[in-house]
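Hi everyone, thanks for coming along. Please have the sequence and the 3D view open while I talk, and turn the model around as we go.

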Amino acid sequence: MATTAGRKTGGYGEQVVAVEPGGIEPVAAADRHGRPRQLFWTWASPNLEFATIFVGVLAVSAFGLSFAQAVIAVAIGNGLGAVSHGVLSARGPRFGVPQMVLSRLAFGYRGNTVPAALMSVTAGIGWFAVNSVSGAFALGTLTGMPVLLCLVIVVVLQIGIAFFGHNLVQAYERWIFGVLAVVFAAGAVVTFARASPGAVAGTGGVGGFLLTVGAAFGYTAGWNPYAADYTRYLPESVSGRAVGWAAGGGLFVATTVLMATGAASATLGGGEGSPTAAFTGHMPGWLAALTLLAIALGAVAANALNVYSGALAFLTLGVQLPLAWRRALVALAFGVVGFVLAWLGLADAGTAYEHFLLVIAYWVSPWLGVVFADQLMRRGQAGLDRLLSDTGRWGWPGLVAFLVAAVVSIVLFANQTLYAGPVPRAVPAVGDVTCFAGFGLAAGLYAVLGRRWVRG
């Protein structure tokens, strides 16, 4: 496909079984298609999977909350992440570029390599590994096949969808939405009917509550750096408000319902084998089998987005790959690396997942602080030139605000098994508020440091 001034000239359109050409160039008007409402299932489907459920399980079993406390905490965390996701998604149709290209407005072409690299690792490799593990466990429990073989099957499906690109990813999310919604709704009804909400008193206190809010926010806001990736093909004339509501709504509904279901399942106790087997162990046999299949399909739905967006973020680093299939080949490479990490993580998935959720929030929050402060200060006046062709700018105000906020918030407030900051050590009741401190500090610093940068 030819390009003019860095802009695609069309030819991909609505083709589903076709490798998406190019990479991060602005989408041509001829290729624009779709409606805002499709974003509801685009963001609901990848969250109808076990990784979502397990956040609710952790809230009760690891963070010590009662069922009611867990539901309130995940709703707050998910709500914050869904609102920011909706705001970011609304910008995609106007600019026609991926989210990490939009990030260059605040960070500059060169400075943006830091958040883009973090995005590449956490999305294309980290989240890919996490979701592949849950899908492999589910398929193994369902079929009795070795978990490693199941992991191979799940990974091949995920890479295949991401390899073809945007239109096949969107189509899979649409096709699978009805199946996942029906099966998980039935599983939720059975789980809530058999749960014992009053059986868990809740000893986690404020600290456990804030840890849960942070974990839920880390999960939901972890999708924020992907937001415009799936709205940039929409016609520029669509309503930004409709885009935001559809994207944020699909994300919030799916995550909150499934996390609440996970919290309810944790009150049942018992359960043997893998985490997925424990979750389905209280269901009738037929529903348990369907739920396990849905968990595997949901993992594919999530990781198709993870690998695709991870590849886009990698290309944002400025890597020069002249091939028309450069995005597809990067997706393939990420899938291979993610498979190796998933294989290594099969032994202790629960602990690794808990840490991973909080670490996601540690970098996403200060990134959001800078991006939102920049967006507010610009009042939407910036064009495409700085995003694509201004390759010499570092964007020091954004980069400094991001790094300082991330380091300070982690050093002072992080509350992990391997490291706990002085604040949670001195006052355990604060839990882990790293993400909130990072967001506020980054936004404040950028508001002070970025005035000249924004005007330039």
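Let me begin with a term: a salt bridge is a side-chain nitrogen of Lys or Arg within 4 Å of a carboxyl oxygen of Asp or Glu. How many salt bridges does a search of the whole structure find? The search finds two. Please keep in mind that this is a predicted model.

Let's take the pair Glu-20 and Arg-232. Their closest N and O atoms are 3.0 Å apart, and the two residues form a salt bridge. Where do they sit? Glu-20 is in the loop between β2 (7-8) and α1 (38-44), while Arg-232 is in the loop between α10 and α11 (240-266), so this pair ties together parts that are 212 residues apart in sequence. Are they buried or exposed? Buried means under 20% relative accessible area. Glu-20 has 0% relative accessibility, so it counts as buried. Arg-232 also has 0%, so Arg-232 counts as buried.

The other pair is Arg-378 and Asp-374, whose side chains meet in a salt bridge at 2.7 Å, N to O. Both residues belong to helix α15 (residues 349-378), and they are four residues apart, about one turn of the helix. Here is a handy bit of background: an α-helix has 3.6 residues a turn, so residues three or four places apart point the same way. Arg-378 is buried, and Asp-374 is too.

Now for the overall picture. The chain has 20 helices and two strands. Of its 456 residues, 58% are buried. The chain exposes about 16,600 Å², and carbon and sulfur atoms supply 69% of that area. If we take the contacts in the chain with a separation of 6 or more, 84% of them come from residues 24 or more positions apart.

What about disulfides? The structure holds zero of them.

Next, the inside. In soluble globular proteins, nonpolar side chains tend to be buried together. In this model the largest nonpolar core has 105 residues, and Trp-43 and Trp-367 touch the most other members. Which helix gives this core its largest share? That is helix α13 (residues 285-316), with 17 residues. There is also a second, separate core of 10 residues, and among them are Phe-67, Ala-70, Val-213 and Ala-263.

While we're on α13, have a look at Thr-291, which has its place in that helix. Thr-291 has 1% relative accessibility, so it counts as buried. Setting aside residues up to four places away in sequence, Thr-291 touches Val-183, Phe-184, Phe-279, Thr-280 and Met-283.

Back to Trp-367. Beyond its neighbours within four places in sequence, its contacts include Leu-88, Phe-107, Pro-225 and Phe-402. Two of these names lead us on.

Phe-107 takes us to helix α6 (residues 104-111), where Phe-107 is one of the buried residues. Seven of the eight residues of α6 are buried, so this helix is largely enclosed by the rest of the structure.

Pro-225 takes us to the loop between α10 and α11. Pro-225 is buried, with a relative accessible area of 1%. Leaving out neighbours within four places in sequence, Pro-225 is in contact with Gln-99, Met-100, Met-119, Trp-363, Val-364 and Trp-367. Pro-225 and Ala-123 are 102 residues apart in sequence, and their C-alpha atoms are 9.1 Å apart in space.

What about helix α10 itself? Its 17 residues (205-221) should span 24 Å at 1.5 Å a residue, and its end C-alpha atoms are 24 Å apart, which agrees. α10 is mostly covered, with 13 of its 17 residues buried.

My last stop is Gly-81 in helix α3 (residues 67-89). Gly-81 has 0% relative accessibility, so it counts as buried. Not counting residues up to four places away in sequence, Gly-81 touches Phe-217, Thr-220, Ala-221, Asn-224 and Leu-251. Gly-81 and Phe-252 are 171 residues apart in sequence, and 8.1 Å apart in space from C-alpha to C-alpha.

Technical notes:
Residues numbered from 1 in each chain as written. Predicted model: local features only at pLDDT ≥ 70, side-chain atom pairs only at ≥ 80, totals over all residues. Heavy atoms only, no water. Disulfide = S-S within 2.5 Å. Buried < 20%, exposed > 50% of the residue type's maximum accessible area, 1.4 Å probe, protein only. Contact = heavy atoms within 4.5 Å. Areas by Shrake-Rupley, 256 points an atom, 1.4 Å probe, with all protein chains shown as cover. Core = buried A, V, L, I, M, F, W, Y, C linked by side-chain atoms within 4.5 Å. Expected span 1.5 Å × (residues − 1).
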